[in-house]
Amino acid sequence: MTARRLFHRITVVDADGERPDAWVLVDDERIIEVGSGPAPAAAERIDGGGDVLTPGLIDLHRHGGGGHRHEDGIDGLRAAADLHAAHGTSRGVASLVAAPVETLETQLAAVAALSRTDRRVLGSHLEGPFLAVDRCGAHDPAHLIDPSPEVVARVITAAEGTLRQVTIDPRRSGALRAIELFREAGVAVAVGHTDAGYAEARDAFAAGATLLTHAFNAMPGLHHRAPGPVLAAADTDDVVLELILDGLHVDPRLAAALFTLAPGRVALITDAMAAAGAPDGPYRLGGLPVRVENGRALVDGTDTLAGSTLTQDHALANARALGIPLPSAVGALTLTPARALGLDDRLGLVRPGYASDVCLWSADGVLSPRSPEPRP
Ligand SMILES: [Zn+2]
């Protein structure tokens, strides 16, 4: 039996709402009990002093952090997880950018190996290579290809059951068949990096896609006569819309409107690259050189955003600044991403049976994670 820890004198906040004057009893794996009033005995007692406790945050889409890239193998993956854990993210999906298929197979295997021993790494997200050249963003267009059944089978095999999501441009040859193949393998499919219009995006969702990769970025926007993939996603029940809420990728007013268009279905991601939690300067994202100035990451020599330097604690603060109610903002960082991965029966809520990696936040000024940090 593992040691029990009790968090008491806390305000529990999750997608279900706020519960002041609560306590939460956990062991190393699961939440055992949640209540209010007299608290049970436990080996370790943590007095929250009225502070907020949430589920550990879940990031569906990130590329690195703390100066480390996911392309740098297990050490890079682990170091990036450390950085994001210090900002409240207890679970993250490791995104990989377009590369030759052999390279991706090696990277998928590294994520698979680490995710078996480190629960902070939920698995991989293949953001490339099935993207539109004209919407490649920071993906090297030389490595973008159609999702043929052969390549789909190779990446599924290489990931050994740990491929969590894949981004596909629905206009790519074979895209709809690929969506079905990935779904059969239990992989969530995202529409993204695409010039697809409303109808093409709806076809992709009808074929089984359930996510939209960073809404508004690397796709047509909301136009009054061409509503595009963002409205297609908002119009489709159960589709989750990723949003990079860093004040740079999407105008904050439009970001706020997205919460109204798709209530409970916005997942706040970081899309963080190596410079998150690290100084400005030169970096690489996949094989491409990136320069970071004042926290803005650009493909070197262009105005193309190359991921972000966001962490999820700042995404939460930015959501609060937009007037998003705290339970909705927390839900966009916990239950909604868990649901996008089909893990909402065990992740994303402060409820008995759910994962014990909760996060305690200091409430003075902007919420910031306080110790104990989520543990691996
Ligand atoms: Zn990305």
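This is a predicted model: local features need pLDDT of at least 70, side-chain atom pairs count only at pLDDT 80 or more; totals for chains, interfaces and linings use all residues.
## The zinc site

Let us begin with the metal. Which residues hold the zinc ion? The zinc ion is coordinated by His61 and His63, each through NE2, by Glu127 through OE and by Asp271 through OD, with distances of 2.0 to 2.2 Å. If you plan to assign a geometry, note that the four donor atoms subtend angles of 85 to 170° around the zinc ion, which makes the arrangement irregular.

Along the chain, the donor residues follow the spacing H-x1-H-x63-E-x143-D. His63 sits in the loop between strand 6 (57–62) and strand 7 (64–65), while Glu127 belongs to the loop between strand 10 (121–126) and helix 3 (149–159), so this pair ties together parts that are 64 residues apart in sequence. Both His63 and Glu127 are buried.

One more histidine deserves a look. His214 is found in the loop between strand 13 (211–212) and helix 6. Is His214 buried or exposed? Its relative accessibility is 3%, so His214 counts as buried. The side chain of His214 makes a polar contact of 3.1 Å with the side chain of Glu127, and Glu127 is itself a donor to the zinc ion. Leaving out residues up to four places away in sequence, His214 touches His61, Glu127, His193, Met219, Glu242, Ile244, Ile269 and Asp271. Among these neighbours, His61, Glu127 and Asp271 are also zinc donors.

Next comes an open sheet of eight strands, paired in parallel, with the order 6-9-10-11-12-13-14-15. Strand 6 and strand 15 are at the edges with a single partner strand each, so one side of each has no neighbour in the sheet. Within the sheet, strand 11 and strand 12 (residues 188–191) run parallel and are joined by four bridges. Thr167 has Ala190 in strand 12 as its bridge partner.

| Helix 3 | Val151, Val152, Val155, Ala158, Ala159 | 135° |

In helix 3, the buried residues fall within an arc of 135° when seen down the axis, so they line one face of the helix. The face turned away from that buried side carries the exposed residues Glu150 and Thr157. What do the buried residues of helix 3 pack against? Their partners are helix 2 (101–115), strand 10, strand 11 (163–168) and helix 4 (175–184). After helix 3 comes Glu160, which has a positive phi near 50°.

With 29% relative accessibility, Ala109 counts as partly exposed. Apart from neighbours within four places in sequence, Ala109 is in contact with Ala158 and Glu160. Ala109 and Val155 are 46 residues apart in sequence, and their C-alpha atoms are 9.5 Å apart in space.

Asp251 caps the N-terminal end of helix 7, with a side-chain oxygen 2.8 Å from the backbone nitrogen of Arg253.

Strand 16 (residues 281–285) and strand 17 (residues 288–293) pair in the antiparallel sense over five bridges. Gly281 stands opposite Val292 in strand 17. The hairpin of these strands has two residues between them, and Gly286 there takes a positive phi near 55°.

Finally, Val358 is in strand 19 (residues 358–362). Val358 counts as buried, because its relative accessibility is 6%. How far apart in space are Val358 and Thr54? Their C-alpha atoms are 5.8 Å apart, although 304 residues separate them in sequence.

Technical notes:
Residues are numbered from 1 along each chain as its sequence is written. Side-chain values use heavy atoms; hydrogens and water are left out. A polar contact is a pair of N or O atoms within 3.5 Å; within protein, one must be able to donate a hydrogen and the other to accept it, and residues adjacent in sequence count only if both atoms are side-chain atoms. Donors are N, O and S atoms within 2.8 Å of the metal (3.2 Å for Na, K and Ca); water is not among the atoms, so sites may look incomplete. Four donors count as tetrahedral if all angles lie between 85 and 135 degrees; four count as square planar and six as octahedral if opposite donors are over 155 degrees apart and all others between 65 and 115; anything else is irregular. Buried means under 20% relative accessible area, exposed over 50%, partly exposed in between (1.4 Å probe, protein chains only). Contact means heavy atoms within 4.5 Å. Two strands pair if DSSP finds at least two bridges between them. The arc is that of the directions from the helix axis to the C-beta atoms.
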